[in-house]
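Here is a friendly briefing to read alongside your structure. Please have the viewer open as you go through the points.

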Amino acid sequence: PGLSKQWHYYNDGSQSGHIKGSDINVMPVWRGKYAAGSADVIVSVVDGGIDFNHEDLAGNMWHNPGKTGDTKYGFNFVKNNYGVTADDHGTHVAGTVAAVNNNGIGVCGVAGGDAAKNVPGVKLMSCQIFEGKASSLLYVLGV
């Protein structure tokens, strides 16, 4: 339902103040012969942690085969452990990449698959380098 507000995917200029063509032009790709993602592809989101329980992201989260529970979604480089802490920005970036498409909730991801056609999207791996105001660099430097 939120796709119409994602003018950066396909901008036809119909919204006030929007310039036609100022977008990534993804609609023709989704409508054409190309897939809207593939579960064979893993995208690492190097940012704040991804909210792996988010209703638009949970279906496209990567799972570390060596981990279980909440420790299987990536790595927290700030704390040097597998406990990813959800962050608004990291979750937003993950949604742009792979929010599940055509599931009747939220927004669409560029490579989120197509729930209506049972096509999975890319898998999201959370590589957390920010937590609050701290970054892994600040953590390493002891600042």
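The notes below cover confidence, aromatic rings, nonpolar cores and one asparagine.

This is a predicted model, in which local features need pLDDT of at least 70 and side-chain atom pairs count only at pLDDT 80 or more, while totals for chains, interfaces and linings use all residues. Residues are numbered from 1 along each chain as its sequence is written, and side-chain values use heavy atoms, with hydrogens and water left out.

**Confidence**

- The protein chain averages a pLDDT (the predictor's confidence in each residue, from 0 to 100) of 90, and 92% of the residues score at least 70.
- Among the chain's elements, the highest mean pLDDT, 98, belongs to strand E2 (residues 74-76), and the lowest, 54, to helix H3 (residues 136-141).
- Helices (H or I, at least four residues) and strands (E, at least two) are DSSP runs, numbered from the N terminus.

**Aromatic rings**

- There are 4 aromatic pairs in the structure; rings of Phe, Tyr and Trp (its six-membered ring) pair if their centres lie within 6.5 Å, and planes under 30 degrees apart count as stacked, over 60 as edge-to-face and the rest as tilted.
- One of them joins Tyr9 and Trp30 edge-to-face, at 5.8 Å centre to centre with 85 degrees between the planes.
- This pair links distant parts of the chain, 21 residues apart: Tyr9 is in the segment before helix H1 (27-31) and Trp30 is in helix H1.
- Tyr9 and Trp30 are both buried (under 20% relative accessible area; exposed is over 50%, partly exposed in between, with a 1.4 Å probe and protein chains only).
- Phe75 and Phe77 also pair edge-to-face, with 4.8 Å centre to centre and 65 degrees between the planes.
- Phe75 counts as buried because its relative accessibility is 18%, whereas Phe77, at 40%, counts as partly exposed.
- Ring pairs join Phe75, Phe77 and Tyr82 into a cluster.

**Nonpolar cores**

- The largest nonpolar core has 13 residues, and Val45, Ile50, Phe52, Leu57, Met61, Ala94 and Leu124 have the most contacts inside it.
- A second, separate core of 6 residues includes Val26, Trp30, Ala36 and Cys108.
- Such a core is a set of buried Ala, Val, Leu, Ile, Met, Phe, Trp, Tyr and Cys residues joined through side-chain atoms within 4.5 Å.

**Asn11**

- Asn11 sits in the segment before H1 and counts as buried because its relative accessibility is 5%.
- A polar atom of the Asn11 side chain lies 2.9 Å from the backbone nitrogen of Gly13.

Note on methods. A polar contact is a pair of N or O atoms within 3.5 Å; within protein, one must be able to donate a hydrogen and the other to accept it, and residues adjacent in sequence count only if both atoms are side-chain atoms.
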